[in-house]
Amino acid sequence: MARAVPRVAAALVVALLLAVIVRLPWIGDLGMHAATIQRLAHSLLHPGNPLVDADTPSPYYSPWMLLLGALAKLTGLSVFVVLRIGALVGLTTLVTGVWRYVRTLSAHPAAPALALLGLVLLWGTAVLNWSGFIGLHSLALTISYPSVFALGLTFHFWAWLTRALRAEASWGRWSALGLLWALILLCHQFTGVVATLGALAMIVSARPGRRVWLRLGGGLVLGAVLLWVWPYYDFFSLFSAGADLEAIHKSLYQHLFARFGLVLLGVAALVPRLRRDRWDVLALFFALGVLVVTAGGLTGHYSWGRALPAALIPAQLAAALEVVSAGRRTVRAGWACALGLALAVGFWGQAGTIGYATGKSALPSVLADKYETPWAGYHWITPWVRYGDVVMARTVPARQIPAYGGYTVAPGYPDVFLRDSARRSEAVSRFFAPGTSAAERRGILREYGVRWVVGSADLAGPGLRQVTTGPADQVLYRVVP
């Protein structure tokens with residue numbers, strides 16, 4: 001009976017996430033991924049920039065998004081239906097990947113379920129929503145993102161790698177591992193870093209012989225070739241991304257205890273693992289993750305904070321596995337009590353997730369305070385704005401409008417390949433500034449080929465004709481001569 005409890009709890013978590021997929025709440029980067037599928041469905045070979053009317057490459061054109069774009073093109077399904085299909089595949093890949101990798105660490109029947117619960121609930125009392133971070137609340141909001149699919153592939157990659165290191169794997173197996181490693185990096189670069197750190201820990205822990213190193217090197221070369229020849233963007237140019245990337249990620253180094261405090265149970269669990277085996281793979285993995293994240297904080301490379309899952313995942317797994325791996329029965333029982341309490345606290349901190357499956361109205365008041373209302377979207381402009389039309393809009397609308405096929409003047413997200421991104425953003429700021437003259441506004445609209453403007457009612461004037469209104473008193477204007 002006791003062994004069934006983790007499985008039932010894990011099944012309930014998966015069921016909750018399946019219900020979330022049906023509603024597909026929109027907060028954050030969903031519009032970027034929807035826009036990417038829009039462009040690929042329109043042209044698989046030359047999609048152009050996903051957000052603005054410019055012919056530039058984009059790191060969002062990954063193998064996974066290419067597959068989803070092809071699905072949208074071939075079936076005619078709407079982008080949001082395709083995103084739901086992608087979310088279902090991503091969740092399946094993640095759950096099966098966790099199961100397979102944990103099986104390489106423990107044969108206990110309850111180990112995979114405990115590990116899954118640890119990965120989604122052992123975080124903190126404050127919610128952190130970020131792609132690549134699979135706390136329950138964050139996972140609910142990023143379930144359709146490429147990062148979830150990439151992390152699922154990562155767990156499968158680690159499982160295959162562990163088995164290859166334990167057995168006499170062939171050159172073909174190592175070549176396949178190299179290609180899978182590159183595929184993860186192309187699908188989500190930051191998750192690829194986590195995958196790489198985990199793989200390095202597994203290799204160091206296994207201490208392989210010369211034959212394995214040769215085959216490993218062959219796999220790495222093959223993976224590097226795939227990264228080099230990928231036609232949709234220059235992967236290696238991402239290493240020279242600008243300072244904007246660091247500024248965005250600085251917040252990852254704030255409120256660490258509130259966001260990750262429960263992971264300390266996993267850090268404590270690494271101690272007995274290290275005593276039992278000084279080459280313990282989870283301890284090595286954790287050390288590498290901490291090293292990279294600490295180095296990023298000390299040097300101002302705050303984007304390195306995206307490697308935090310490389311420290312969190314091994315600690316979360318260690319906490320879950322100590323329940324079934326500790327020596328004496330009384331010690332295991334103690335770990336089970338500590339883990340159960342921590343999981344309960346973690347779930348309570350993220351209980352607002354339930355609202356993404358049920359809607360806020362179904363939540364009791366004590367949980368409604370933990371619920372973050374999703375964005376309303378811009379479907380209300382679609383009867384007028386057609387695919388490829390350029391829309392003048394501020395940042396938040398610009399993060400959603402391209403999901404419906406339109407372009408915006410400035411991208412709603414940082415774009416390392418768009419050279420005039422700063423100039424476009426400055427043009428948007430000037431257009432919406434209260435003191436800007438009607439003549440200057442008309443000049444900006446002509447320069448960028450704008451056909452529509454989304455703004456407030458006080459924009460009404462020469463050259464703009466009101467068409468309809470939307471949520472929060474927003475107005476859609478048609479640009480007229």
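Reply: Contact here means heavy atoms within 4.5 Å. On that basis, among contacts in the protein chain between residues at least 6 apart in sequence, 69% join residues at least 24 apart. The model under discussion is predicted.

The division requested is into two parts: domain 1 covers 3-367 and domain 2 covers 379-479, with bounds that come from an automatic or database domain assignment. Taken over C-alpha atoms, the centres of domain 1 and domain 2 are separated by 35 Å. To the contact between them, domain 1 gives 27 residues and domain 2 gives 22 residues.

The overall fold provides the setting for this arrangement. The protein chain holds 21 helices and five strands. Its C-alpha trace spans about 80 × 55 × 45 Å along the principal axes. The radius of gyration of the protein chain is 24 Å, which agrees with the value near 23 Å that a compact globule would have, because that expectation follows from a length of 481 residues.

Burial and surface complete the description. Of the 481 residues in the protein chain, 54% are buried, where buried means under 20% relative accessible area. The protein chain exposes about 20800 Å², and carbon and sulfur atoms supply 63% of that area. As for charge, the protein chain carries 40 positive and 20 negative side chains. The centres of these two sets lie 12 Å apart.

Conventions. Residues numbered from 1 in each chain as written. Predicted model: local features only at pLDDT ≥ 70, side-chain atom pairs only at ≥ 80, totals over all residues. Heavy atoms only, no water. Helix = DSSP H or I, 4+ residues; strand = E, 2+ residues; numbered from the N terminus. Rg over C-alpha atoms; globule rule 2.2 N^0.38 Å. Buried < 20%, exposed > 50% of the residue type's maximum accessible area, 1.4 Å probe, protein only. Areas by Shrake-Rupley, 256 points an atom, 1.4 Å probe, with all protein chains shown as cover. Lys, Arg positive; Asp, Glu negative; His and termini not counted. Charge placed at Lys NZ, Arg CZ, Asp CG, Glu CD.
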